[in-house]
Amino acid sequence: MSARSYRLPAFVCATSILTALLLGACQPTGANPSTSLVASETSGEAIAPPRIDQLAPDFTGVDSNGDRHQLSDYRGRVVVLEWTSHECPFTRKHYTSDNMQTLQAEAAEQGVVWFSVVSSAPGQQGYVEGAEANELTQSRGAKPTAVLLDPEGELGQLYAARTTPHMYVIDAEGILRYMGAIDNVPSANPADVPGATNFVRAALDNVLAGQPVETAFSQPYGCSVKYSL
């Protein structure tokens, strides 16, 4: 299946010209975007995007080492999905500051499964093959469970992933408990990380403690996911 684009009910552009240029696309607005549909170009069928407090869509993905991972096989463990692009300045913000790696390490210590997902199409910003993905993981000191390669955009379309980063937290029963931005400061400046509220860390703390997630949805920010044209 080739995923090119899909629509949400409404869009808002970034509030500054610089941010808009970095984003590369307008961002969706609204609360939980559960009423919109993702269009499959190959089948023409509409796919309902994931919804908070409902079962997360199951998938099988292939990682940078050629190993397959099925989400349902990890039932009983909390799972984080992180859409990423090493060439996106918003992604770089969280890696050059060690913010993402620190969060990955904290999650791993608590038994959380962390999948970094690359949905960039060949020839597009952020596209990598297995060897380069592994080199990036090593050179940045990243600690995901695996890097899933999604050049056809199937997994990205299934989860309506819009930006890099775009984050999802799934509890041990397979229920989606958080989706949106990593934090509340939509900038590409690493200096903004210390003062930001990290939504993913907070969601993980809530989920691991068996508590309701206080902020279950936030507006994602970053570069647009570079799906196939």
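In this predicted model, strands β7 (residues 79-83) and β8 (residues 113-118) run parallel and are joined by five bridges. Within this pairing, Val79 stands opposite Val113 of β8. Strands of a sheet pair through backbone hydrogen bonds, in either a parallel or an antiparallel manner.

The two strands belong to an open sheet of seven strands, whose order is β6-β5-β9-β8-β7-β11-β12 and whose pairing is mixed. The edges are formed by β6 (68-70) and β12 (176-180), each of which pairs on one side only. From one strand to the next, the twist averages 30°.

Two helices that pack on this sheet deserve attention. Helix α3 (residues 99-109) touches β7, β8 and β11 (166-170), and its direction makes about 145° with that of β8. Helix α6 (residues 199-208) also packs on the sheet, where the strands touched are β7, β11 and β12. The direction of α6 makes about 5° with that of β11.

Helix α4 (residues 130-140) can be read through the burial of its residues. Gly130, Ala133, Leu136 and Thr137 are the buried residues of this helix. Viewed down the axis of α4, they fall within an arc of 125°, so they line one face of the helix. Ala131 and Gln138, on the other side of α4, are exposed. Strand β9 (146-149) is included in what covers the buried residues of α4; β9 is also one of the seven strands of the sheet, placed between β5 and β8 in the order. Just after α4, Gly141 adopts a positive phi of about 70°.

Side chains of opposite charge can pair when their charged atoms come close. The structure holds three salt bridges. One of them is formed by the side chains of Arg201 and Glu106, with an N to O distance of 2.9 Å. Arg201 lies in helix α6 and Glu106 in helix α3, so the pair links distant parts of the chain, 95 residues apart. How accessible are the two partners? Arg201 counts as partly exposed at 25% relative accessibility, and Glu106 is partly exposed as well, with a relative accessible area of 28%.

Another salt bridge is that between the side chains of Arg177 and Asp53, at 2.8 Å from N to O. Arg177 is located in strand β12 and Asp53 in the loop between β4 (46-47) and β5 (60-63), so this pair ties together parts that are 124 residues apart in sequence. With a relative accessible area of 24%, Arg177 is partly exposed.

Arg177 also forms a salt bridge with Asp171, in which the closest N and O atoms are 2.8 Å apart. Is Asp171 buried or exposed? At 9% relative accessibility, Asp171 counts as buried, because the cut-off for burial is under 20% relative accessible area. Through salt bridges that share partners, Asp53, Asp171 and Arg177 are joined into one network.

Key
Residues numbered from 1 in each chain as written. Predicted model: local features only at pLDDT ≥ 70, side-chain atom pairs only at ≥ 80, totals over all residues. Heavy atoms only, no water. Pairing = 2+ DSSP bridges. Helix = DSSP H or I, 4+ residues; strand = E, 2+ residues; numbered from the N terminus. Axes fitted to C-alpha atoms, helices over the stretch in contact; angles between N-to-C directions. Contact = heavy atoms within 4.5 Å. Buried < 20%, exposed > 50% of the residue type's maximum accessible area, 1.4 Å probe, protein only. Arc of directions from axis to C-beta. Salt bridge = Lys/Arg side-chain N within 4 Å of Asp/Glu carboxyl O.
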